Amino acid sequence: MHTEEKHIDETRQGEALITLPTGNATKKLFLESYGCQMNFSDSEIVASILSQEGYQTTQKVDEADLILLNTCSIREKAEQTVRKRLGTLNAIKKQRPSMKIGVLGCMAERLKHKFLEEEHLVDIVVGPDAYRDLPNLLNEVEDGRDAINVQLSKEETYAEISPVRLGGNGVTAFVTITRGCDNMCTFCVVPFTRGRERSRDPHSIINECKELAEAGYKEITLLGQNVDSYLWYGGGPKKDFKNASEIQKATAVDFAQLLDMVATQFPGVRLRFSTSNPQDMEENVLLMMAKHKNICKYIHLPVQSGSTTVLERMNRQHTREEYFELIDKIRKIVPDCALSHDMIAGFCGETEEEHKDTLSLMEYVQYDFGYMFAYSERPGTPAHKKMPDDVPNEDKKRRLQEIIEMQQKHSAIRMNSYVGKVHEVLIEGNSKRDENFWYGRNSQNAVLVFPKVEGTKVGDFVNVKANSCTTATLIGEMVAE
């Protein structure tokens with residue numbers, strides 16, 4: 001059950017990243033990541049840039065020459081965690097004055113002056129589009145100056161930088177295909193911390209996937225704030241496509257075509273993608289999912305509310321009815337597709353009636369799982385500036401509870417529907433509870449655990465018959481094809 005802010009894996013918060021030693025390593029980098037998958041992916045780009053500068057990652061804070069925290073601004077809790085962490089690190093720095101501390105990512109943009117000038121918590125502040133500037137900024141710091149670059153770019157996609165794969169299981173990897181977001185949802189801080197939306201050159205995406213496939217990776221997730229609006233026409237922001245030349249328009253690559261290219265070239269690799277936005281999801285993407293066996297039958301399709309009036313206040317670009325139409329289309333074209341959602345309870349001005357619309361939408365869709373949370377305003381967002389956060393706390397909590405209970409009911413229905421069937425599962429590692437069991441997921445993103453059989457290893461695709469389930473896991477056994 002996911003009741004946290006979307007795509008924030010609580011088990012990985014504050015994870016220190018570790019890479020293989022390189023020949024020219026003379027300095028130690030301690031790099032810790034917070035927030036969404038995008039941040040973990042960005043940390044791999046940062047590690048790659050700094051490895052050229054002679055930095056080798058370490059998991060020991062006290063031997064680091066440089067400490068970087070890749071931060072998240074999406075929830076207050078995430079900010080408080082990082083602030084506390086900076087306090088601890090500054091205590092270590094007192095013992096080692098030569099050590100430098102920096103903040104990367106989304107908080108950088110929001111709290112740049114506070115961290116550097118007012119509170120003197122850090123030496124260096126770098127926004128999500130300025131990682132290439134790190135070597136220069138580090139020189140500035142060496143010369144005793146505070147260093148800051150939080151400029152947002154319309155072009156930066158880090159296309160040709162091969163991310164250093166950090167941590168992970170060597171089986172599943174993330175490849176970023178878009179950066180930034182043009183959807184100005186009134187509750188969201190992303191357009192302000194990550195900038196305008198731009199897509200990455202498809203050739204560089206294919207090359208990165210090729211490197212991963214050759215290195216033995218078996219599953220790739222194409223990642224972006226909004227993958228369905230991927231559009232490559234030679235570079236530049238999505239919003240400028242209307243000014244593109246005729247030839248650029250004729251040769252542009254959209255998300256469905258990109259999916260087709262990757263799925264066709266790497267038939268032995270499973271593909272996922274995240275996050276989708278309802279107004280940008282075209283039928284051609286669904287047709288590609290139906291066409292290719294190796295594209296997983298799972299869509300994360302955030303809706304945020306089931307009420308058209310609330311969706312309007314959130315500046316979501318679709319109505320309740322349009323969302324239903326899309327769901328019907330998915331069920332028709334990809335009948336075995338699993339769906340998950342993001343849902344906000346108690347957004348500004350939400351009435352009891354509007355809340356009931358959310359519950360009835362959930363009843364209609366019957367999602368496999370969801371990320372659910374009560375609305376809390378983030379500074380700098382349009383909602384914070386223009387709309388009173390006027391739903392009483394106890395109402396928010398009760399509504400969230402009703403949403404969670406309904407989701408638990410639907411999750412149980414969906415999990416039970418997988419019991420008795422045989423699933424193709426990619427072995428990702430040992431089960432957390434019992435190392436005599438493997439852990440993996442099926443195409444629908446459901447987790448299966450099953451006893452190990454001799455001769456099987458991490459990275460194998462195996463057939464598993466699901467015999468029973470808990471609310472979040474299928475329990476099964478391997479079967480011959």
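This is a predicted model: local features need pLDDT of at least 70, side-chain atom pairs count only at pLDDT 80 or more; totals for chains, interfaces and linings use all residues.

Guide: Residues are numbered from 1 along each chain as its sequence is written, and side-chain values use heavy atoms, with hydrogens and water left out.

Visitor: What makes strand 11 and strand 14 a pair?

Guide: Two strands pair if DSSP finds at least two bridges between them. Strand 11 (residues 219–223) and strand 14 have 5 bridges, in the parallel sense, so by that definition they pair. Within this pairing, Leu222 has Phe273 of strand 14 as its bridge partner. The strand numbers follow DSSP runs counted from the N terminus (strands are E, at least two residues; helices are H or I, at least four).

Visitor: Why are strand 8 and strand 14 said to stand at the edges?

Guide: The open sheet has 3 strands in the order 8-11-14, with parallel pairing. Strand 8 (172–176) and strand 14 (270–274) each have a single partner strand, so one side of each is left without a neighbour in the sheet. On average, neighbouring strands of this sheet are turned by 25° against each other, direction ignored.

Visitor: Which strands does helix 6 touch when it packs on the sheet?

Guide: Helix 6 (residues 202–214) touches strand 8 and strand 11, and its direction makes about 165° with that of strand 8. Contact means heavy atoms within 4.5 Å. Angles run from 0 to 180 degrees between N-to-C directions, and axes are lines fitted to C-alpha atoms, for helices over the stretch in contact.

Visitor: Why are helix 6 and helix 8 called roughly parallel?

Guide: Their packing angle is about 30°, with the axes 11 Å apart. Angles under 35 degrees count as roughly parallel, over 145 as roughly antiparallel, 65 to 115 as roughly perpendicular and the rest as oblique. Helix 6 and helix 8 are therefore roughly parallel to each other. The contact involves Pro202, Ile205, Ile206 and Cys209 of helix 6 with Leu258, Met261, Val262 and Gln265 of helix 8. By class it has 7 nonpolar, 1 polar and no charged residues. Here Ala, Val, Leu, Ile, Met, Phe, Trp, Tyr, Cys and Pro count as nonpolar, Asp, Glu, Lys and Arg as charged, and the others, Gly among them, as polar.

Visitor: What makes helix 2 oblique to helix 3?

Guide: Helix 2 (residues 76–95) and helix 3 (residues 106–118) pack at about 45°, with their axes 13 Å apart. That angle makes helix 2 oblique to helix 3. From helix 2 the contact takes Glu79, Val82, Arg83 and Leu86, and from helix 3 Met107, Arg110, Leu111, Lys114 and Phe115. This contact of helix 2 with helix 3 has 5 nonpolar, no polar and 4 charged residues.

Visitor: How do you know that strand 18 and strand 19 pair?

Guide: DSSP gives strand 18 (residues 422–430) and strand 19 (residues 437–441) 4 bridges in the antiparallel sense. Asn430 stands opposite Trp438 in strand 19. The two strands form a hairpin with 6 residues between them.

Visitor: Which residue has a positive phi in the turn between strand 19 and strand 20?

Guide: Asn445 does, at about 75°, in a hairpin with 5 residues between the strands. Strand 19 and strand 20 (residues 447–451) pair over 5 bridges in the antiparallel sense, and Phe437 stands opposite Pro451 in strand 20.
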